[in-house]
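Biologist: I am new to this structure and would like to go through it slowly, one question at a time. Could we begin with the ligand and then turn to the protein around it?

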Amino acid sequence: MATAPRGLGTPNAHAPAAPRADRFPPAGAEVPRGSRQKEENIRCLTMLGHFGFECLPHQLVNKSIQQGFSFNILCVGETGLGKSTLIDTLFNTNSREKKSSHFRPNVELKIQTYQLQESNVQLKLTVVTTVGYGDQMNKEARDILHKGVGKGVAMVNIIPLIAKADTISKNDLQTFKSKIMNELISNGIQIYQFPTDDKTTAQVNSSMNEHLPFAVVGCMDEVKVGKRMVRGRLYPWGVLQVENENHCDFVKLRDMLLCTNTEHLKEVTHTKHYECYRRCRLQKIGFTDVGPDNQPLSFQEIYETKRKEFHEQCQREEEELKHKFMQRVMEKEIAFKEAEKEASISSLI
Ligand SMILES: Nc1nc2c(ncn2[C@@H]2O[C@H](COP(=O)(O)OP(=O)(O)O)[C@@H](O)[C@H]2O)c(=O)[nH]1
Ligand SMILES: [Mg+2]
């Protein structure tokens, strides 16, 4: 296709554009031989800018950059497992958190929000941690786990991780990984699978699915290795480098979570998990797909029925209150009359 750059080669920039049909012959119409030859001789020019709906992706990019992105993470694991350190290492944050106690009476959800920026991209990161989880496997802790994980249908994208991977040998790690995967399967817990339906990421994602659960190491300290400073844990026998793929899966986790699949994670949360949660909540308050006689009902019909029921209930309660009020008034009137009677008798005496 030859397209002249704006202003160049346009016969009359102010003249209204001719309808397409005038410029191009309709499909199937015969093009005169001479004009085809002419077309073949047309000089191809490269475009200097973007025109028409080709600009749509740019609109989206600009809007997203202006608005910024948001990402929510729920990090579940017992106290001291390395959750805060891992999040700090992933996002270069500083949770400035005192060490949590192992003796809390209950489990609390702690929410921390960070406004992060990398070049001109803004990210609002919300990290929710379960403080006290795992210190006592009480009912509250189980509830939090079941609400999030759920049997069969997960309410969140679950990405299982093995923390402090530097404390386990490579052989034991493989055994531990397969044990975790077997337990997840036998308990019917569906974990998040990196999507393989997009040609550009299918290969890397399917190979990453094989690596789950990722064995990670978190650390904010920098250590000198050769001439470079790297994030790592210094031991008498060497340095465990957080960002070295031969040492742990931290880079794999970071790439999967932040570079390749962030939008997919958010989309699945929104379209699958949130919709599932919404459906459960609606069912709990009586919004189902079928009526009492198992006939399909529209949302509007259920809404109208519920509205009518609520209206009737309000009327009943109003009637009851009126009745009670009248009764109290009558009781008081009788009591006043009796008191009056007694007062007049005693004045006669
Ligand atoms: N060896 C090792 N220690 C870690 C790792 N991550 C964190 N730690 C240490 O474990 C302790 C608890 O970490 P923290 O992030 O506060 O755990 P949280 O209670 O799960 O948030 C701290 O002393 C960390 O330095 C890791 O990957 N390997
Ligand atoms: Mg913590």
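**The ligand and its surroundings**

Modeller: A backbone N or O atom of Gly-82 lies 3.0 Å from an oxygen atom of ligand 1, and please keep in mind throughout that this is a predicted model.

Biologist: How far is an oxygen atom of ligand 1 from an N or O atom in the side chain of Ser-84?

Modeller: Arg-233 also takes part, with a polar side-chain atom that lies 3.2 Å from a nitrogen atom of ligand 1. The protein covers 79% of the 590 Å² of accessible area that ligand 1 has on its own. For the side chain of Ser-84, the distance from an N or O atom to an oxygen atom of the ligand is 2.7 Å.

Biologist: Which element supplies the largest share of the shell around ligand 1?

Modeller: The shell consists of 16 residues, with Gly-80, Lys-83, Ser-84, Thr-85 and Asp-166 the closest, and it divides into three nonpolar, seven polar and six charged residues. Helix H4 (83-91) and strand E7 (228-235) each supply at least two residues of this shell. The largest share, three residues, comes from H4.

**The protein and its core**

Biologist: What percentage of the 349 residues of the protein count as buried?

Modeller: The protein has ten helices and eight strands, and its accessible surface comes to about 26,300 Å², of which 55% belongs to carbon and sulfur atoms. Among contacts between residues at least 6 apart in sequence, 58% join residues at least 24 apart. Of the 349 residues, the share that counts as buried is 24%.

Biologist: Which element gives the most to the largest nonpolar core?

Modeller: This core has 37 residues, and those with the most contacts inside it are Phe-71, Phe-91, Leu-125 and Phe-214. Several elements supply at least two residues each, among them strand E1 (69-75), H4, helix H6 (170-186) and H9. With five residues, the element that gives the most to this core is H8.

**Individual residues**

Biologist: Is Asn-261 buried or exposed?

Modeller: Asn-261 sits in the loop between helix H8 (250-260) and helix H9 (262-284), and, leaving aside its neighbours within four places in sequence, it is in contact with Tyr-192, Phe-194, Pro-195, Asn-205 and Met-256. A polar contact of 3.1 Å joins the side chains of Asn-261 and Asn-205. Because its relative accessible area is 2%, Asn-261 is classed as buried.

Biologist: Which residue does a cis peptide bond join to Leu-212?

Modeller: The bond in question has an omega of about -5 degrees.

Biologist: Is Asn-92 buried or exposed?

Modeller: Asn-92 is found in the loop between H4 and E2, and it has a positive phi of about 60 degrees although it is not a glycine. Because its relative accessible area is 55%, and the cut-off is over 50%, Asn-92 counts as exposed.

Biologist: What is the phi of Ser-119?

Modeller: Ser-119 has its place in the loop between E2 and E3, and at 69% relative accessibility it counts as exposed. Although Ser-119 is not a glycine, its phi is positive, at about 45 degrees.

Terms used: Residues numbered from 1 in each chain as written. Chains lettered and ligands numbered in written order. Predicted model: local features only at pLDDT ≥ 70, side-chain atom pairs only at ≥ 80, totals over all residues. Heavy atoms only, no water. Near = heavy atom within 4 Å. Polar contact = N/O pair within 3.5 Å; in protein donor to acceptor, adjacent residues only side chain to side chain. Areas by Shrake-Rupley, 256 points an atom, 1.4 Å probe, with all protein chains shown as cover. Helix = DSSP H or I, 4+ residues; strand = E, 2+ residues; numbered from the N terminus. Nonpolar A, V, L, I, M, F, W, Y, C, P; charged D, E, K, R; others polar. Buried < 20%, exposed > 50% of the residue type's maximum accessible area, 1.4 Å probe, protein only. Contact = heavy atoms within 4.5 Å. Core = buried A, V, L, I, M, F, W, Y, C linked by side-chain atoms within 4.5 Å.
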